[in-house]
There are 2 protein chains.
Amino acid sequence: MTSGEPAGADETRLYEIWGEIADLEAATELLEWDQETFMPAAGQEGRGKLLGTVAALIHRRLTSPELADVLARCAERARPGSLLAAQVARARHAVGRAVRVPESLSRAIAEAASAGVVAWKRAREAADFELFAPALRRLLDLRRQQAAAIGDGGPPYDAMLDGYEPGATEAQLTPLFDQLRRTLTPRVRAVVESGKTIDESPACGHFPAAAQEAFVRRVAAGIGFRFEAGRLDPATHPFCVGLNPGDVRLTWRLVEDDFRPALFGVLHEAGHGLYEQGLPAASSRTPIGAIASLGLHESQSRLWENHVGRSLGFWRWVLPTFRDHFPAAPRFTAAELWPALHTVKPSLIRVDADETTYNLHVVVRFELERALFAGELEVGDLPAAWDDLYQELLGIRPENVADGVLQDIHWSQGMFGYFPTYTLGTVIAAQLIAAAERQLGHLEELLAAGEASQLLGWLRRHVHRHGSRFEAAELVVRATGKPLAADDLLRYLDETIERAYGA
Amino acid sequence: MTSGEPAGADETRLYEIWGEIADLEAATELLEWDQETFMPAAGQEGRGKLLGTVAALIHRRLTSPELADVLARCAERARPGSLLAAQVARARHAVGRAVRVPESLSRAIAEAASAGVVAWKRAREAADFELFAPALRRLLDLRRQQAAAIGDGGPPYDAMLDGYEPGATEAQLTPLFDQLRRTLTPRVRAVVESGKTIDESPACGHFPAAAQEAFVRRVAAGIGFRFEAGRLDPATHPFCVGLNPGDVRLTWRLVEDDFRPALFGVLHEAGHGLYEQGLPAASSRTPIGAIASLGLHESQSRLWENHVGRSLGFWRWVLPTFRDHFPAAPRFTAAELWPALHTVKPSLIRVDADETTYNLHVVVRFELERALFAGELEVGDLPAAWDDLYQELLGIRPENVADGVLQDIHWSQGMFGYFPTYTLGTVIAAQLIAAAERQLGHLEELLAAGEASQLLGWLRRHVHRHGSRFEAAELVVRATGKPLAADDLLRYLDETIERAYGA
């Protein structure tokens, strides 16, 4: 609790109960991290049950009548705008989502998600959407039931979005994604039709695994990731978990013939990790001690990955370290490498996409899941709709569903409304970096001087230290002086493409 | 549930509730394993709270009125000797220990243990017992309160023993430990006074860390440890945890100038691990799905460490593998090495002790904690009593308390009654191996032929598969045909010393 006011008995009890909820959530983080890193294969069945039990205990705690009573009494006492009011609001948001969903429905969703992943893997291997369609229909049906239980009469998709991005709505996101689609689609097409290509040879060569590990550790520490409060381990699908600000874990993977996947992957996860390490320790285990939203989380990863890691200033700083670790790598200057970090190449697979086309991959998913929830699209028509959108937005068409509609795991886990947070994060990142630059001066020079800590300090003050005291949308206004908008991102991409590909 | 009878609603509910308890215990195992292996240093504070929350949730579940009701109804229905009766008995034992201790006392013990470890570390560094004495007095006082709450009017120490070795009592252990003391003390003195020494040079040399790791993995797999259901990681104080039979984790440490600490450490932990991997999967997450007692657990580790790992047969099998991994090691035959695995050398530190004197280290601790609980010994007199006993039993005297009464962490964590399980395990191991040999034939030959799997199969049938269906004492009778006794151990040690040191 960070409040200066003395806490009453109700507040004390609120933080006791929430401490248990937060601890169970931290246990979940560790259990999931372990599952993806070190768990032996035969532990899978037991791990599934264990995670189910912990989820049920969290649900039971969130829905306990005592917590509802304590929150009601705290709400009466909380002055508007006070820390306590934020604690109550954050807690009530989570409680509200939990209590309105019957335990039987929660369990049905968990089971359908578990079956969904199995069906998805089989369908993806066979490149046969029909093997996945029944599981997807079931998940959609259950999630619609959940949306009906949670929602306030708005579009059912809003209840999905709200699970990852509290306060976000379809009505607010649609114009944003439309703008990205309208602007980026012709921009990408123009690059493709220009026939210009970028020399990527500086990024290619042989980069031994041990040297890459030493290098990315140096870089992560160099931008401020505290290894005494964190780790870095290999994983097939990299991610970041934070148990508490003192225990934040990054994962990564590498290829040996290109240093970019490992470096930008680690910068991405370290961006997440810096946010987790910067959460307010004094509010740990209270409702506002957590991240504000997945979009805000993603903004931190995209900021360090793209705006820092792909910048000329960063490379002027990191190049000597790079050469120390890769003495046999091609000799290039920061300026010679820079274009190879900003290619624009339409591709089929989201996770391999460049910083420009990535957003169009997300637009595809947003439009499709929005349509599915609105009843405008049937599951059976999904593969064709997917392929058509790729054709329209990116000018390419998947040859099979494995490289198309079946490429991502999210829907098979019942995660609808998650994809938009990827691009929301990208939009917020560009807006934050523009605001930081206005206040700190030319970031290029700061980064070149090895002063990433100044940027981190700015993010600590304006983003991290607030935890979830404010909703993401409000935090963006407070940090940048204006509401969330795609202008800064589009300007950044425009300038970058122009510089990389010529006018 | 392994029963063939159809389960009633009460049984189903019993297994649901117990599944949650077992899951929370598995979470604790992972949290503790992680704390000792991979957790970043700054995660300590959060981890302490998390473990406290999980412990409180287990306690709450064990003491829930619903569980008591369900158990009462299952007890009425259970035929004596049936699986259900065992399930109920095992559950009631845990419930009984939990419900009789008020939550405030549980919390006080947890806090005193946490403070105890801090005080112990400080006292040990300063080699000043007075820095630890107040914390120890407090822990003893709280544990006596707990014993009074739990106990049935017997000696308070019995309630401590029962926490680790269900059913064990001071009255039963005292003659056993007296016998060990009476027999081993003169035997050790005779070896020392004979002036004979054993050439340990075959075990010494340079054993590179990477080669040791490859070697101990081969050995662990060779005796049947399934790495697809387990792991091996470095840790300062090696241990084994089992989340479930599919996820069992060993830890180890090494020194580079002697291969014995790593090899026998891993054989020890792998022995624990084989037991965990052999627990009845069909009874996972039920009361009888767990280990029977710490003494039985230790019997499995001692059996593989001492009776297998130090045997001539094992070495005839493993020697070619050893030479593959350590080409620069001294060339010795199994027979030449064998005496170096059976030295008898009185020393001050328990964890470094040989297989004979180890038991006397445990006798010291048993006698002292028994006396503390009986009120026959004051905390202030403990260091002198310790030193006197070492003089009497081992013929040596610690120069300071760091190498004396402060060497072990157990008492600082409030763990009284734990030490005896080490020697109980050693006694059971010798009795089991003698029984196995009667049934399987000459183990020496089996092991030399690489047939450790036959011994493992025997342990699976007679020990592992029962989980905690039977109390350890009953299991020993069933497996070996006679009650627990030190005869087999004393005969083994006698023969071994005679063979190693000459008549």
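The largest nonpolar core has 75 residues. Within this core, B:Phe129, B:Phe132, B:Leu368, B:Leu382 and B:Trp411 have the most contacts. The model is predicted. Eight helices of chain B can be traced here, each supplying at least two core residues: helix 5 (103-126), helix 6 (133-150), helix 7 (156-164), helix 8 (170-194), helix 14 (357-374), helix 15 (382-394), helix 16 (420-440) and helix 20 (487-501). Helix 14 of chain B gives the most, with 10 residues.

Look next at B:Trp411. Leaving aside residues up to four places away in sequence, B:Trp411 touches B:Phe132, B:Leu136, B:Leu139, B:Arg365, B:Leu368, B:Glu369, B:Leu382, B:Trp386, B:Val405, B:Phe416 and B:Phe419. A second, separate core holds 74 residues. Among them are A:Ala147, A:Tyr164, A:Tyr358 and A:Ala486.

Now turn to the contact between the chains. Chain B brings 34 residues to it, and chain A brings 34 residues. The size of an interface is often given as the accessible area lost when the parts come together. Here the area buried between chain B and chain A is about 2600 Å². Carbon and sulfur atoms give 61% of that area. On the chain B side, B:Phe38, B:Pro40 and B:Leu50 supply 18% of the area that chain B buries against chain A, more than any other three residues.

Polar pairs also cross this interface. The rule finds 16 residue pairs in polar contact between chain B and chain A. Which parts of chain B supply the side that touches chain A? Helix 1 (9-37), helix 2 (44-62), strand 1 (230-234), strand 2 (240-244) and strand 3 (247-252) of chain B each supply at least two residues. Helix 1 of chain B gives the largest share, 9 residues.

Side chains of opposite charge can pair when their charged atoms come close. Across the interface of chain B and chain A, the rule finds 6 salt bridges. One of the salt bridges in the model joins B:Asp247 to A:Arg47, with the closest N and O atoms 3.2 Å apart.

Over all chains, the structure holds 70 salt bridges. Take A:Glu66 and A:Arg13, whose closest N and O atoms are 2.5 Å apart. A:Glu66 sits in helix 3 (residues 65-77) of chain A and A:Arg13 in helix 1 (residues 9-37) of chain A, so the pair ties together parts that are 53 residues apart in sequence. A:Glu66 is partly exposed, at 32% relative accessibility. A:Arg13 is partly exposed too, at 25%.

A:Arg187 pairs with A:Asp494 in another salt bridge, with the closest N and O atoms 2.9 Å apart. A:Arg187 lies in helix 8 (residues 170-194) of chain A and A:Asp494 in helix 20 (residues 487-501) of chain A, so this pair ties together parts that are 307 residues apart in sequence. A:Arg187 is partly exposed at 24%, and A:Asp494 is partly exposed at 34%.

The salt bridge of A:Glu305 and A:Arg302 has its closest N and O atoms 2.9 Å apart. These residues are 3 residues apart in helix 11 (residues 294-308) of chain A, so about one helical turn separates them. A:Arg302 is buried, with a relative accessible area of 9%.

Finally, salt bridges that share partners join A:Asp34, A:Arg47, B:Asp247 and B:Arg249 into one network.

Technical notes
Residues numbered from 1 in each chain as written. Chains lettered and ligands numbered in written order. Predicted model: local features only at pLDDT ≥ 70, side-chain atom pairs only at ≥ 80, totals over all residues. Heavy atoms only, no water. Core = buried A, V, L, I, M, F, W, Y, C linked by side-chain atoms within 4.5 Å. Buried < 20%, exposed > 50% of the residue type's maximum accessible area, 1.4 Å probe, protein only. Helix = DSSP H or I, 4+ residues; strand = E, 2+ residues; numbered from the N terminus. Contact = heavy atoms within 4.5 Å. Buried area = accessible area lost by both parts, 1.4 Å probe. Salt bridge = Lys/Arg side-chain N within 4 Å of Asp/Glu carboxyl O. Polar contact = N/O pair within 3.5 Å; in protein donor to acceptor, adjacent residues only side chain to side chain.
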